[in-house]
Amino acid sequence: MSNSLDIRTLKAGTAGFDAELERLTYWPEERQQELETTVRQVIADVRARGDAAVVDYTNRWDRRQARSLADLRLQAADLQAALEQLDPAVVDALRRAAARIETFHQRQLQDSWRYEDELGNSLGQKVSAMQRVGVYVPGGKAAYPSSVLMNIIPARVAGVQEILVVSPMPHGEANPAVLAAAAIAGVKEVYAIGGAQAVAAMAYGTESIARVDKIVGPGNAYVANAKRQVFGQVGIDMIAGPSEILVIADGSVAADWVAMDLLSQAEHDEQAQAILITPDADYLKAVAAALAKALPSLEREAIARQSLKDRGALIQVASLVEAAQLANRLAPEHLELAVADAEALLPSIENAGAIFLGAYSPEAVGDYCAGPNHVLPTSATARFSSPLGVYDFQKRSTIIGCSARGGSELGRVASVLARSESFTAHARSAEFRIKSD
């Protein structure tokens with residue numbers, strides 16, 4: 001084991017800084033021709049052959065011997081058995097996290113509303129839940145029970161009646177914590193399938209699987225590409241890139257705390273990104289030393305070390321004001337304000353998936369149990385995207401109910417505008433409602 005550290009150290013405002021930052025944060029979308037073609041073929045095959053195609057691909061890629069999709073469906077007893085066999089401490093933690101996630105997301109519920117204008121017209125918005133949602137849960141090393149809760153509970157709070165979970169289980173080996181989390185979240189329909197074939201089955205339906213309205217949940221490059229290809233046929237949550245953390249620090253939080261916060265993302269995978277921004281040059285050196293010291297103690301040391309080497313950075317700025325400006329430019333998935341007065345800095349932050357305030361709010365509690373969703377925009381998409389929430393599972397329909405007077409008055413306006421656009425039928429339709437003086 002080595003206590004050396006290979007990570008970029010940059011200083012804002014110096015020659016070449018912007019170009020180096022651009023190279024560091026650039027993440028190309030997964031669009032290899034071979035991958036695109038393979039996914040397109042799988043989707044077409046599932047559309048054509050339904051269950052049979054899903055079973056064939058699952059047997060081939062997950063090394064199963066299923067004869068039908070019924071062989072790949074988990075029963076309620078399977079979920080309950082996983083719940084009963086899991087370490088009671090883990091079950092208790094999952095239940096506590098689920099309760100907090102539900103409490104937070106209850107506050108996101110939107111209600112329908114109506115009002116009457118001066119012409120007696122009734123106008124408003126009707127909010128209703130989607131009927132059926134599909135949740136993709138990765139299998140193998142990337143199987144996270146916390147993601148099960150984060151994707152399912154907001155849908156249930158929104159009022160979604162049918163929630164389908166798909167999760168690949170190579171060799172038939174299920175992750176007990178994932179199944180237990182599904183049981184706690186109240187899921188009743190679970191299939192041991194994954195990959196592009198599972199996405200296609202959810203998007204278009206098969207003999208056994210009814211099509212869904214929206215697909216959420218993370219997956220590998222094939223899953224992400226499949227979600228992109230079926231978008232429009234169904235809704236999707238987002239195309240997520242590697243995990244990210246950006247920490248703004250002023251030196252008031254212990255360097256080893258911040259170092260471990262950075263490593264909490266670096267250990268995700270080699271493409272994850274961990275960045276520290278501080279105006280304190282000595283503190284930057286202290287965090288670097290703490291990173292080097294902590295790395296050998298990690299179970300995923302090699303992954304975290306590669307992440308820091310390829311995509312990590314320690315950046316010195318002139319002030320916290322400049323730090324906030326740089327953070328808004330990077331629009332990180334996770335942003336920690338490890339400063340003495342986080343509330344004072346918060347108004348300066350415009351672009352971030354989730355914001356963690358102060359020394360006692362590590363990103364890790366957001367991943368598991370704080371309550372807010374950990375499905376967050378990555379790759380600077382926090383400039384225009386939001387965390388997954390109840391609103392992602394609700395639809396909004398506008399309501400227009402004109403009175404006789406309102407139909408007449410608005411008809412006059414609509415007629416003029418329609419004829420200015422050469423839409424004669426529009427104009428005449430409106431004119432039928434106009435009362436003669």
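The largest cavity here has a volume of about 30 Å³. A cavity is a set of points on a 1 Å grid over the protein atoms alone where a 1.4 Å probe fits but cannot get out, and its volume is the space filled by probe spheres set on those points, joined across faces, edges and corners. This is a predicted model, where local features need pLDDT of at least 70, side-chain atom pairs count only at pLDDT 80 or more, and totals for chains, interfaces and linings use all residues. Residues are numbered from 1 along each chain as its sequence is written, and side-chain values use heavy atoms, with hydrogens and water left out.

So who lines that cavity? V148, V165, S167, M169, V178, L179, A182 and V190 do, each having an atom within 4 Å of a point.

Seven of the nine residues of α7 are buried, meaning under 20% relative accessible area with a 1.4 Å probe, protein chains only. Those buried residues pack against β2 (73–74), α4 (76–85), α5 (88–106) and α6 (145–158), with contact meaning heavy atoms within 4.5 Å; strands like β2 are DSSP runs of E, at least two residues. Just after α7, G186 takes a positive phi of about 85°.

Technical notes:
On a 1 Å grid over the protein atoms alone, a cavity is a set of points where a 1.4 Å probe fits but cannot get out, and a pocket is an open set with protein on both sides within 12 Å along at least five of seven lines; lining residues have an atom within 4 Å of a point. Buried means under 20% relative accessible area, exposed over 50%, partly exposed in between (1.4 Å probe, protein chains only). Helices (H or I, at least four residues) and strands (E, at least two) are DSSP runs, numbered from the N terminus.
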